[in-house]
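Hi,

Here is the model I promised to pass on. Have a look at it first, and then read my notes below.

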Amino acid sequence: MPTKIEKDSVTGHMTTGHEWDGLKELNQPLPKWWIYILFATIAFSAVYFVLYPSIPYFTGYYHGTLGYSQRDTVDKDVAAVVKQRSGYMDRIRTLSFADIEKDPQLNAVALTAGRITFANNCQPCHGAGGGGSPGYPALAAGNWLWGGKLADIQQTITFGIRSGLDDARQSLMPKFGAEGGLKPAEIEQVADYVMTLYGQTKGDTAAGQKIFADNCASCHGDHGEGKREFGAPRLAGKAHLYGDTREIVVAQITNPRMGVMPNWNTRFDTGMIKSLALYVHSLGGGE
Amino acid sequence: MSHVGSVQKRQQVVQEEEVQHLYANRVRVYPKTVKGPVRRFKWAVLIFCLTLYYALPWLRWTRSPAQPSQAVLLDLWHERFYFFNLEFWPQDIYYLTGLLIMGAVSLFLVTSLVGRVWCGYTCPQTVWTDLFMWIEAKIEGDRNERMKRDAAPMSFDKVWRKVAKHAAWVFIAFWTGGAWIMYYVDAPTVTVEFWTGTASSQVYFFTGLFTATTYLLAGWAREQVCTYMCPWPRFQAAMLDEQSLTVTYQAWRGEPRTRGKRVDGAGGDCVDCNACVTACPTGIDIRDGIQLECINCGLCIDACNHVMERTGRPKWLITWDTYADQAAKAAGQHAAFRFFRPRTIIYLSALVIAAGAMVVALMLRPGIGLSVQHDRAALFVRLASGDLRNGYTIKVVNKAQSPAIFEISTLGLPNAVLTESVENLGPASQLGLPVKADSVGTFHVFVSGQPAMLKDGSSAIDFALRDTLTGELTTYHSVFMGPNTETRP
């Protein structure tokens, strides 16, 4: 109910001319500076609306006259980092391992890149520092299935093991028990013999030795020394991928476990794979 | 209404209360220039201190070609401190502790003997303040002239003198800050770099910082630094005793103070001229006795001697004396100064012990250093031979000025075999690690051992390092790890 705008006798302020049940409202306007800032922000938002992406369409959006995009910014930042590193990474890609190792600075860059990439990608299976765990080779120990030279390691990382690629490391141990190649008793005998290879004697194992010579020696070698061309593990050593108790040996002959390592060539370029190879080689197992 | 009333009543009470201020406004000190033996001695000390400060960085010293040729250089960038023929590494930081202990005890000793002469003569705050006051007097005149001009309205004379004074202060402050930098970087090099604009931004920053602090502390803050910022005056009371020589007004001679002409025999020697007060750089009255503002500079002695001469009284009404002697003199006797007291003997022996320990430590300082860090992962690996292998990062310090081969071997693990993966050394029971001159060599050493040699899965081992040139030997304790449960017999 509008009333007369008048001066309030108690406070000395003007009223707004509104009255409710006898209560009059004092006119206390916002400070001028506050109002001007409000107007300035409105003006700013109008300009912003035109310059920057602001209106969503059904199948896209208004890009703004500046054409700014956060995704582009990230792409540029990533490209800048790649470019910054390219001086080193290009040289790592093109130089031979021997030449990289001759350049202490380049070698240090490769080892650092390899260390970090290893921690982010390889460590879950191979363990920190390549310590390995049952079923996953200890890279630091040098018990290589496929060879521990730099070129061997590069090949393994690039294509993986049983990864499904044509160039992948590929080996197959027959399931002597599951597919009936050996009878359970024969498996027990050959297991007893295999255990003598790493110093766990078990009396007369002549029968097992014969079975071994007929079935196993072609891949694992006459004395269980292993053959890298087939990726056949060395049995005569004291470090074994899956373990060395009788139970495990029998299980491994009956229905062997064969681990898979993915190929990394889809994720890393050659320079990074070579850096990884250098790092893995440096862990103590390199040949 | 009652609420409003109580508020008003409270405000009234506050207004009626006398407000007690805990802050005392500074009373500006206008020290009067004095002449005399004390002043001359103070000038001599000042010139010596400033010469030392400005000249020391320029002193050259012959070292190996790879090292800086500055005699005193705190080379933070390369983590070395050169002091004539001594060279300190960051590991030697504990010598600083020894130096600080010696500094503190020396200060205690000197103060207990002759009062706060450090404050009065050699403290940088005193030296630079004195220098700044001298410039002030040269440009603005002595005490009375300065006071008159400060009270007078703005004039051309006042402005140019103030501008000239502050310009001179800033100029000196700049040279002070610039000289400070020379203790951290090679003096001739940084001078050229500074003026050709090629010095690092830190050099400009710290020169600016020390220029600012010198200008503010010596020009503006002056005696307030001593009175309010410095902790030393606060425990002066614990350092002084009745046997300490301090600047003393001989009250038994001076009192009662008598102004003007006097009847023969009546009154003391003090003519209450206030010369000692106007000469005081901290603005106190020495006749009130020893007080924390007194920096023991003795300028009041010169001021008083001058007056005593003119009034035909014996000099040294204000003098250096002990409290004990003053008490004796008041009774017509004399108490000799005692150099050896329990306090000084304790300080002196602490000083001798600290100095001796420093010298011995410096002479026995190892030129070799070893640190061993076991790899965090993998803790160990099992080799095909059944042996266990642990990896260690080994750092070897070579303080010598020539490259050296250090032999490393292990103790406590029989038949251990060492290999090194950075330099491709070994396998052998002992490796020769090459370390460049004046640097730290980092190596990654693998140690292989037989599981049978381990007890409870691990074994304590010591790495022994021997300098093949000097034969110096050092060891480092570490551990060789294996699986906790050895399942195979």
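Which residues are buried in α5(B)? They are Thr126(B), Val127(B), Trp128(B), Thr129(B), Asp130(B), Phe132(B) and Glu136(B), where buried means that 20 or more other C-beta atoms, placed from the backbone, lie within 10 Å of the residue's own.

A word on the basis: this is a predicted model, in which local features need pLDDT of at least 70 and side-chain atom pairs count only at pLDDT 80 or more, while totals for chains, interfaces and linings use all residues. Residues are numbered from 1 along each chain as its sequence is written, and chains are lettered from A and ligands numbered from 1 in the order in which they are written.

Back to the helix. The cover over the buried residues of α5(B) includes α2 (37-55), α4 (117-122), α7 (156-181) and α9 (201-221) of chain B. Helices (H or I, at least four residues) and strands (E, at least two) are DSSP runs, numbered from the N terminus. After α5(B) comes Gly141(B), with a positive phi near 90°.

Chain B also has paired strands (at least two DSSP bridges between them). β1 (residues 72-75) and β2 (residues 80-83) of chain B run antiparallel, joined by four bridges, with Leu74(B) opposite Phe81(B). Their hairpin has four residues between the strands, and Glu79(B) in the turn has a positive phi of about 55°. β2(B) also pairs with β3 (residues 86-88) of chain B, antiparallel, over three bridges.

Finally, 16 residues of chain A are in contact with 13 of chain B (C-beta atoms, placed from the backbone, within 7 Å).

Best wishes

Conventions. Contact = placed C-beta atoms within 7 Å. Buried ≥ 20, exposed ≤ 12 C-beta atoms within 10 Å, placed from the backbone.
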